[in-house]
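Morning, everyone. Take a look at the model first.

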Amino acid sequence: MQLQHLLVNGTGYDRLRLLYLDQMGGMAILMPKIFTVFSILSMASLALPGMSGFVAELMIFFGILTSQKYLLMTKILIIFLNTIGIILTPIYSLSMLRQMFYGYKLFNTPNSYFFYSGPRELFISISILIPVIGIGIYPDFIFSFSVDKVEAILSNFF
């Protein structure tokens, strides 16, 4: 399960005590900070350039294409399955985003504090956003930690 979904699900359940998307809706007006963070993180899971998801998808495709281990037909099948995942991910993420934040059901709550984004949510959101954008902009920082270990693993198999 993706981290941004856990963030919004945890925040939503903490405040609303609702688990199903069909019971939610209209949270964008009442929780604009959480909506903004969730939207940015959803775009990261869609593999947009400048986000960590793009780096991950690019590494997968280049790794499959440049691998000498697989036959051409196997490469085509793997790339086809990955492409289906890339097509289904926006459908899932954007429909969930629409239902939770712009759904037809608006909450009837007496106090606005119920939906206030406090320092806890903002700290967690920023703690998640910084690595997501940082890895997307400068992935070599993360790769530098793993180069030796990856080369050691590859030397055992090739």
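Helices here are DSSP runs (H or I, at least four residues), numbered from the N terminus, and strands are E runs of at least two. This is a predicted model: local features need pLDDT of at least 70, side-chain atom pairs count only at pLDDT 80 or more, and totals for chains, interfaces and linings use all residues. Residues are numbered from 1 along each chain as its sequence is written, and side-chain values use heavy atoms, with hydrogens and water left out.

First, the second largest pocket. A pocket, on a 1 Å grid over the protein atoms alone, is an open set of points where a 1.4 Å probe fits, with protein on both sides within 12 Å along at least five of seven lines; lining residues have an atom within 4 Å of a point.

Which helices supply at least two lining residues each? α4 (52-66) and α7 (140-157) do. α7 gives the most, with five. The lining is M59, I60, F143, S146, V147, V150 and L154.

Now the helix pair. The axes, lines fitted to C-alpha atoms over the stretch in contact, come within 11 Å for α3 (residues 32-45) and α6 (residues 119-137). They cross at roughly 20 degrees, on a scale from 0 to 180 between N-to-C directions. That makes α3 roughly parallel to α6, since angles under 35 degrees count as such.

Who touches whom? With contact meaning heavy atoms within 4.5 Å, K33, I34, V37, I40, L41 and A44 in α3 meet E121, L122, S125, I128, L129 and V132 in α6.

Technical notes:
Angles under 35 degrees count as roughly parallel, over 145 as roughly antiparallel, 65 to 115 as roughly perpendicular and the rest as oblique.
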